[in-house]
Amino acid sequence: MAIHYREETADDQRAIHQVNTAAFGQPAEGNLVDLLRNDGLVVVSYVAISSDTIVGHILFSELPIETKQGTIPAVALAPMAVLPQYQRQGIGSELVRRGLDICRERGQQAVIVLGHPDYYPRFGFSPQLAKRISSPFSGEAFMALELVAGVLENVQGQVTYPPPFFSV
């Protein structure tokens, strides 16, 4: 099975919504993608394709970290979805790796995720890095990753999730 990866195009929007709905068993995550896109907050939207069908998707949206020293360019990783019949084949991992690379290329310095604590640490995400970042979320599932080494070292900051995260 050959999987190809590329950035989202306007023609992909319906399929991306369907992938998110199928993966999560509800439309909330697909709606979140649509709202973030409509609000112009998307930094990276990347798809996995098999036989001309979108089978996976990952989204990174603006989520700057505000500190007393200034703003750290950061993004939220949410959501990441793979069609159920394509899960556990490495597609999600490849979407994460490629998405992180593109975020680095686009000048982002950190990534925040609210995700499974057994999955995201393999990419370098850490709840320890996120402990000094104030947000509506906390605990082992709230994690951060430095795209620029040391950017979160001793940083006390806050993220304010945009309204789409609370309207789905």
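Me: Where is N154?
Reply: N154 is in the loop between β9 and β10. Strands here are DSSP runs of E with at least two residues, helices are runs of H or I with at least four, and both are numbered from the N terminus.

Me: What kind of model is it, before I go on?
Reply: It is a predicted model, in which local features need pLDDT of at least 70 and side-chain atom pairs pLDDT 80 or more, while totals for chains, interfaces and linings use all residues. Residues are numbered from 1 along each chain as its sequence is written, and side-chain values use heavy atoms, with hydrogens and water left out.

Me: OK, back to N154. What is its phi?
Reply: Phi of N154 is near 60°, a positive value in a residue other than glycine.

Me: Is N154 buried or exposed?
Reply: Exposed, with a relative accessibility of 67% for N154. The cut-offs are under 20% relative accessible area for buried and over 50% for exposed, with partly exposed in between (1.4 Å probe, protein chains only).

Me: And D52, what does its phi look like?
Reply: D52 is not a glycine either, and its phi is positive, about 65°. D52 sits in the loop between β2 and β3 and is exposed, at 80% relative accessible area.

Me: Where is the cis peptide bond?
Reply: Between A78 and P79, with omega at about -10°. P79 belongs to strand β6.

Me: β6, then. What does β6 give to the largest nonpolar core?
Reply: First the core: it has 59 residues, and L77, Y120 and F125 touch the most other members. At least two residues each come from α1, α2, β2 (42-50), β3 (53-62), β6, α3, β7 and β9 (142-146). β6 gives the most to this core, 8 residues. A nonpolar core is a set of buried Ala, Val, Leu, Ile, Met, Phe, Trp, Tyr and Cys residues joined through side-chain atoms within 4.5 Å.

Me: What does Y120 touch?
Reply: Leaving out residues up to four places away in sequence, Y120 touches L77, M80, V96, V113, G115, F125 and M143. Contact means heavy atoms within 4.5 Å.

Me: Which aromatic cluster is Y120 in?
Reply: The one formed by Y119, Y120, F123 and F125.

Me: How many aromatic pairs does the structure hold?
Reply: The structure holds 6. One of them is F137 with Y161, edge-to-face, at 5.1 Å centre to centre and 90° between the planes. Rings of Phe, Tyr and Trp (its six-membered ring) pair if their centres lie within 6.5 Å; planes under 30 degrees apart are stacked, over 60 edge-to-face, and the rest tilted.

Me: What does the F137 and Y161 pair tie together?
Reply: F137 lies in the loop between β8 (133-134) and β9 and Y161 in the segment after β10 (157-159), so the pair ties together parts 24 residues apart in sequence. F137 is partly exposed at 25% relative accessible area, whereas Y161 is buried at 8%.

Me: Switching to the largest pocket. What is its volume?
Reply: About 840 Å³. The lining has 33 residues, and F24, M80, A81, Y119 and Y120 are the closest to the centre. Two or more lining residues come from each of α1 (13-24), α2 (28-38), β6 (74-82), α3 (91-105) and β7 (110-114). β6 provides the largest share of the lining, 7 residues.

Me: How is a pocket defined?
Reply: On a 1 Å grid over the protein atoms alone, a pocket is an open set of points, where a 1.4 Å probe fits, with protein on both sides within 12 Å along at least five of seven lines; lining residues have an atom within 4 Å of a point. The volume is the space filled by probe spheres set on the points.

Me: Which residues of α2 are buried?
Reply: A28, E29, G30, L32, V33, L36 and R37. What covers the buried residues of α2 includes α1, β2, β3 and β6.

Me: And L35?
Reply: L35 lies in helix α2 and is partly exposed, at 30% relative accessible area.

Me: Last one, S61. Is S61 buried or exposed?
Reply: S61 is buried, with 0% relative accessible area. S61 is in strand β3 and touches L36, L41, V42, V43, A74, V75, A76 and F165, not counting residues up to four places away in sequence.
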